Amino acid sequence: MAAYMSAGRSENAFSTHDFVPEWAQEEVSTGTTIMAVEFDGGVVIGADSRTTTGAYIANRVTDKLTPIHDHIFCCRSGSAADTQAVADAVTYQLGFHSIELDEPPLVQTAANLFQQMCYRYREELMAGIIVAGWDKRRGGQVYTVPMGGMIVRQPVSVGGSGSSYIYGFMDSNYKPGMTKEECLHFCTQALALAMERDGSSGGVARLAAITEEGLERRVVLGHQLPKFSNT
Amino acid sequence: KMLDDSLEPGWLSEEVKTGTTIIAIEFDGGVVLGSDSRVSAGETVVNRVMNKLSLLHDKIYCALSGSAADAQTIAEMVNYQLDVHSIEVGEDPQVRSAATLVKNISYKYKEELSAHLIVAGWDKRGGGQVYVTLNGLLSRQPFAVGGSGSSYVYGFVDAEYRKAMSKEDCQQFVVNTLSLAMSRDGSSGGVAYLVTIDEKGAEEKCILGNELPTFYDQ
């Protein structure tokens with residue numbers, strides 16, 4: 001959950017706010033909704049596409065689903081800079097490890113690399129990450145590494161500022177044993193609900209399904225998102 | 001430090017809050033209100049069976065959230081004002097009148113108070129009505145959720161709400177919402193209280209923790 005506080009600014013004779021818009025002084029945040037669901041044979045991951053600096057939307061078509069390896073992705077929430085930096089570092093480490101091993105890496109390995117970095121630098125980082133993918137040993141897996149650097153494997157996980165609003169929906173609508181299409185539908189609905197309520201989430205819904213065969217990416221544009229009107 | 005500095009337990013100096021989940025929904029012919037029952041002071045639960053659905057008049061109730069003292073005081077004041085008002089007009093007060101009285105207090109003292117009341121009831125002019133008075137505004141809505149637990153169920157209520165639900169559907173909707181919120185929000189819990197108000201009157205019901213619906217992973 002990215003509750004964003006900008007650091008205190010010292011008062012100068014010529015304050016920067018005269019020359020530069022306020023949003024240019026704010027840190028860039030992926031105030032976000034991200035989620036991942038396991039199914040038999042793979043995982044489905046999803047995210048919104050909004051990146052904000054304060055109240056300005058710096059990028060309305062962000063891709064928060066970042067490949068770490070062929071069958072392993074991560075969903076990023078929190079500070080955009082922190083999560084990009086950590087993801088780049090883990091991608092390098094995992095690539096190296098996979099060459100040494102001469103095998104595709106395990107999802108658990110990728111998740112633990114994230115966890116180690118997020119825990120070691122927990123005071124400096126603001127990163128909430130969900131690692132999801134497929135490997136031969138355990139099939140589809142979702143590991144969540146929230147802020148603070150803990151790790152836990154869950155069949156379904158949500159993260160980011162928008163996630164608060166969909167815990168109830170997730171608890172009531174998730175059923176174990178869903179198919180890939182059912183998972184995609186579930187994620188689309190959950191993201192749409194969160195994007196509707198959370199000001200820091202919005203844009204398009206990006207989804208991806210990762211299976212043994214490979215990767216399938218989808219984008220659900222704003223007007224195609226399910227509508228839940230109750231007023 | 002081996003010993004606590006204070007001679008008193010920590011919770012005596014913490015503010016008492018009804019960190020809460022409250023919900024009200026209208027149906028054709030009445031309303032259903034629901035709440036959890038947890039009152040916390042810091043991390044301690046000081047009352048695990050508090051009924052947060054407070055009577056304002058025979059067929060008008062309000063749901064309390066935020067600071068327990070502030071919310072209760074507002075409800076008591078409005079209860080008194082409504083009694084006087086209904087005698088003056090010689091008939092049962094309108095739900096909108098009750099909501100306006102709550103709003104007037106919430107708005108006038110908005111800097112000092114930290115409570116949010118949802119007002120709901122039945123009157124013969126407008127049928128079942130739900131009003132929110134958050135921060136001193138007044139707004140009628142088909143349904144409303146409030147309290148700390150409400151954040152977690154916005155997605156659920158947005159997805160599950162349908163127009164023109166029956167009384168029983170509304171009751172089930174309220175119970176499901178409360179159960180989901182109580183299982184995610186540390187400040188909500190205990191039992192679920194329900195009040196169903198229609199032309200005939202108000203019916204109160206209490207659903208114990210083990211009788212609440214359970215969802216995946218519970």
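This is a short tour of a predicted model, with stops to select one after another in your viewer.

**Stop 1: the interface**

Start by showing chain A and chain B together. Between them, the two chains bury about 1,700 Å², and 61% of that is on carbon and sulfur atoms. Chain A puts 17 residues into the contact, and chain B puts in 17 residues too. Look for polar contacts across the gap and you'll get 5 residue pairs. On the chain A side, helix 3 (167-173) and helix 4 (180-197) each bring at least two residues to the face that touches chain B. Helix 3 of chain A has the largest share of that face, with 7 residues. Colour the chain A face by class and you get 10 nonpolar, 5 polar and 2 charged residues.

**Stop 2**

Side chains of opposite charge can pair when their charged atoms come close. How many salt bridges cross the interface of chain A and chain B? There are 2 of them. For one, select R197(A) and D158(B), whose side chains meet at 2.9 Å, N to O. R197(A) sits in helix 4 of chain A and D158(B) in helix 3 of chain B, so this pair joins two chains. On the chain B side, that helix covers residues 154-160. Is D158(B) buried or exposed? D158(B) is buried, at a relative accessible area of 5%, while R197(A) is partly exposed at 35%.

**Stop 3: Y216(B)**

Now pick Y216(B), in the segment after strand 13 (201-207) of chain B. Which residues does Y216(B) touch, leaving aside its neighbours within four places in sequence? They are P155(A), D171(A), Y174(A) and P176(A). Y216(B) is partly exposed, with a relative accessible area of 29%. Draw a C-alpha to C-alpha distance from Y216(B) to L194(B) and you get 23 Å, for 22 residues of sequence separation.

**Stop 4: salt bridges within a chain**

Over all chains, the count of salt bridges is 13. Go to D63(A) and R217(A), where the side chains meet at 2.7 Å, N to O. This pair links distant parts of the chain, 154 residues apart: D63(A) is in the loop between strand 5 (56-59) and strand 6 (65-69), and R217(A) is in strand 13 (residues 214-220) of chain A. D63(A) is partly exposed at 30% relative accessible area, and R217(A) is partly exposed at 37%.

Stay on chain A and select K180(A), E181(A), E216(A) and R218(A) together; salt bridges link them in a network.

Then hop to chain B for K124(B) and E91(B), a salt bridge at 3.4 Å, N to O. Here two loops are joined: K124(B) lies between strand 8 (115-123) and strand 9 (127-132), and E91(B) between helix 1 (68-89) and helix 2 (95-108), with 33 residues separating the pair. K124(B) is exposed at 65% relative accessibility, whereas E91(B) is partly exposed at 38%.

**Stop 5: the cysteines**

Finish by showing the cysteine sulfurs. How many disulfides are there over all chains? The count is 0. C74(A) is buried, at 0% relative accessibility. Over in chain B, C62(B) is in no disulfide either, and its nearest cysteine sulfur, in C206(B), is 18 Å away. C62(B) counts as buried, at 0% relative accessibility.

Methods: Residues numbered from 1 in each chain as written. Chains lettered and ligands numbered in written order. Predicted model: local features only at pLDDT ≥ 70, side-chain atom pairs only at ≥ 80, totals over all residues. Heavy atoms only, no water. Contact = heavy atoms within 4.5 Å. Buried area = accessible area lost by both parts, 1.4 Å probe. Salt bridge = Lys/Arg side-chain N within 4 Å of Asp/Glu carboxyl O. Polar contact = N/O pair within 3.5 Å; in protein donor to acceptor, adjacent residues only side chain to side chain. Helix = DSSP H or I, 4+ residues; strand = E, 2+ residues; numbered from the N terminus. Nonpolar A, V, L, I, M, F, W, Y, C, P; charged D, E, K, R; others polar. Disulfide = S-S within 2.5 Å. Buried < 20%, exposed > 50% of the residue type's maximum accessible area, 1.4 Å probe, protein only.
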